[in-house]
Amino acid sequence: MFSEIQEGTTKLLVPQQSTKAIFYNPKMELCRDIDIASIAAFGSPFPSSQLTYIDALAGTGVRGVRIAKEIGLQVTINDRSTPAYELIKRNIALNKVEERTAAHNEDANVLLARTPYDLVDIDPFGSPVLFLDAACRSVKRLLLVTATDTAPLCGAHIGGVRNYGARPLKTEYHAEMATRILLGAVTRDLGKYDKAIHPLLSYASAHFIRVIARVEKGARKADESIERLGFIAQCFACGHRFAFPCADMLNLNVTNTCALCGQKLRVAGPLYLHPIKAREFCERVHVELGNRELGKKHEALKIVHTCIHELDIPFYYEHHALCKSLKLPPTSISSLINALRSNGFSAGRTHFSNTAIKTDARIDELKTLLKALSTEL
Ligand SMILES: C[S@@+](CC[C@H](N)C(=O)[O-])C[C@H]1O[C@@H](n2cnc3c(N)ncnc32)[C@H](O)[C@@H]1O
Ligand SMILES: [Zn+2]
């Protein structure tokens with residue numbers, strides 16, 4: 001049994017109850033709204049009918065049908081489930097986008113290995129790792145990847161090394177660590193095909209991580225991407241943390257004791273250390289979001305707005321946890337940010353957590369400022 005719903009300006013038949021045969025998650029409308037704005041922003045310099053897009057793991061076909069209808073790209077919509085494929089064809093007809101849409105009922109890896117597409121979208125259940133290699137082989141211009149297997153990416157269990165070839169640590173900035181480990185895995189898989197990664201918008205929300213990255217062909221550019229990988233060292237005794245590039249690890253130019261308290265450091269990675277968004281691109285996505293009819297416009301604008309202003313520092317500090325560790329009553333986040341700035345540090349909020357801050361101050365400097373701030377109260 002199906003019901004008719006609307007996302008953006010697109011009508012869709014979706015199962016009344018999501019099953020393995022036909023999957024539809026209404027909670028991912030937010031992700032799809034941000035995709036619409038991102039793909040519109042990315043595609044604006046090109047005649048849209050010339051760009052090819054594939055949702056290789058399409059479920060009801062919602063992403064692809066929306067992209068065909070709301071942006072006008074040449075779209076391929078694939079799912080290996082035959083009931084899903086039958087519904088995809090009905091959703092294409094419902095929106096009258098047959099001319100620029102093709103439906104397939106194949107294994108995603110086979111289809112992607114055979115065919116290059118400008119834009120490749122991988123939106124699986126759980127981990128994208130089984131599809132990353134084929135997606136990286138196929139993609140020419142823009143790669144979009146979802147991960148919902150946050151446990152192995154965040155260090156909650158050991159699967160991070162097995163699945164992503166990187167060790168996560170269970171830290172207060174786990175959502176960002178997960179995003180950067182995923183980006184690191186994508187960088188290495190693209191590298192195999194002499195392709196470089198340029199992250200445009202990467203974010204985490206509730207149970208999922210989404211990365212949207214421009215792809216560029218060229219062995220030298222791919223080498224430069226690999227240089228952007230590195231590690232994060234974390235002291236679980238005093239909270240000190242810092243990032244360092246892979247080259248330092250390979251030169252064994254890294255200490256394993258904390259410079260602040262002398263305790264043992266633990267190391268996470270390899271992960272992507274450079275900016276995970278392009279500010280100017282995010283500004284264009286923000287404009288697109290504002291101009292379009294979208295069900296989750298408000299939440300989407302909030303995420304993208306915070307991403308625009310987020311500092312390019314690969315971790316953050318949980319403000320409440322910090323106050324608690326110092327046995328101080330929680331100050332307001334904005335007063336801490338202002339105090340950091342007036343002491344010459346960079347500081348700001350992060351979309352990864354409403355209760356955290358990013359700053360280039362070290363933890364000891366942060367603690368000194370917090371103590372001073374609480375005595376002013
Ligand atoms: C999370 S759902 C996709 C949701 C969809 N992209 C959306 O936005 O609603 C994942 C889909 O991948 C399909 N799938 C799983 N393994 C596949 C494979 N090897 N090849 C093609 N499709 C596959 C499943 O049938 C399922 O419909
Ligand atoms: Zn320490």
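**View 1. The second largest pocket has 15 lining residues, with Lys 302, Thr 306, Thr 350, His 351 and Asn 354 nearest its centre.** The model is predicted: local features need pLDDT of at least 70, side-chain atom pairs count only at pLDDT 80 or more, and totals for chains, interfaces and linings use all residues. Residues are numbered from 1 along each chain as its sequence is written, chains are lettered from A and ligands numbered from 1 in written order, and side-chain values use heavy atoms, without hydrogens and water. On a 1 Å grid over the protein atoms alone, a pocket is an open set of points where a 1.4 Å probe fits, with protein on both sides within 12 Å along at least five of seven lines; lining residues have an atom within 4 Å of a point. The volume is about 320 Å³, taken as the space filled by probe spheres set on the points, which are joined across faces, edges and corners. Helix 12 (297-309) gives the largest share of this lining, six residues. Strand 8 (195-205), strand 14 (347-350) and strand 15 (353-359) each supply at least two. Helices (H or I, at least four residues) and strands (E, at least two) are DSSP runs, numbered from the N terminus. The lining splits into three nonpolar, eight polar and four charged residues. Asp, Glu, Lys and Arg count as charged; Ala, Val, Leu, Ile, Met, Phe, Trp, Tyr, Cys and Pro as nonpolar; the others, Gly among them, as polar.

**View 2. The largest pocket has a volume of about 760 Å³.** Its lining holds 34 residues; Leu 57, Asp 79, Asp 123, Pro 124 and Phe 125 are the closest to the centre. Helix 5 (129-138) and helix 2 (62-70) each supply at least two lining residues. The largest share, three residues, is from helix 5. By class, 15 are nonpolar, 10 polar and nine charged.

**View 3. The zinc ion (ligand 2) sits in a tetrahedral site.** Its protein donors (N, O and S atoms within 2.8 Å of the metal, or 3.2 Å for Na, K and Ca) are the SG atoms of Cys 235, Cys 238, Cys 258 and Cys 261, 2.3 Å away. Angles among the four donor atoms run from 100 to 116 degrees; tetrahedral requires all angles between 85 and 135 degrees. The sequence spacing is C-x2-C-x19-C-x2-C. Cys 238 lies in the loop between strand 10 (229-235) and strand 11 (241-245), and Cys 258 in the loop between helix 10 (246-250) and strand 12 (265-272), so the pair ties together parts 20 residues apart in sequence.

**View 4. Thr 10 lies in strand 2 (residues 10-15).** Thr 10 counts as buried because its relative accessibility is 0%; the cut-off is under 20% relative accessible area (1.4 Å probe, protein chains only). The Thr 10 side chain makes a polar contact with the side chain of Glu 70 at 2.6 Å. Such a contact is a pair of N or O atoms within 3.5 Å; within protein, one must be able to donate a hydrogen and the other to accept it.

Note on methods: Four donors count as tetrahedral if all angles lie between 85 and 135 degrees; four count as square planar and six as octahedral if opposite donors are over 155 degrees apart and all others between 65 and 115; anything else is irregular. Buried means under 20% relative accessible area, exposed over 50%, partly exposed in between (1.4 Å probe, protein chains only).
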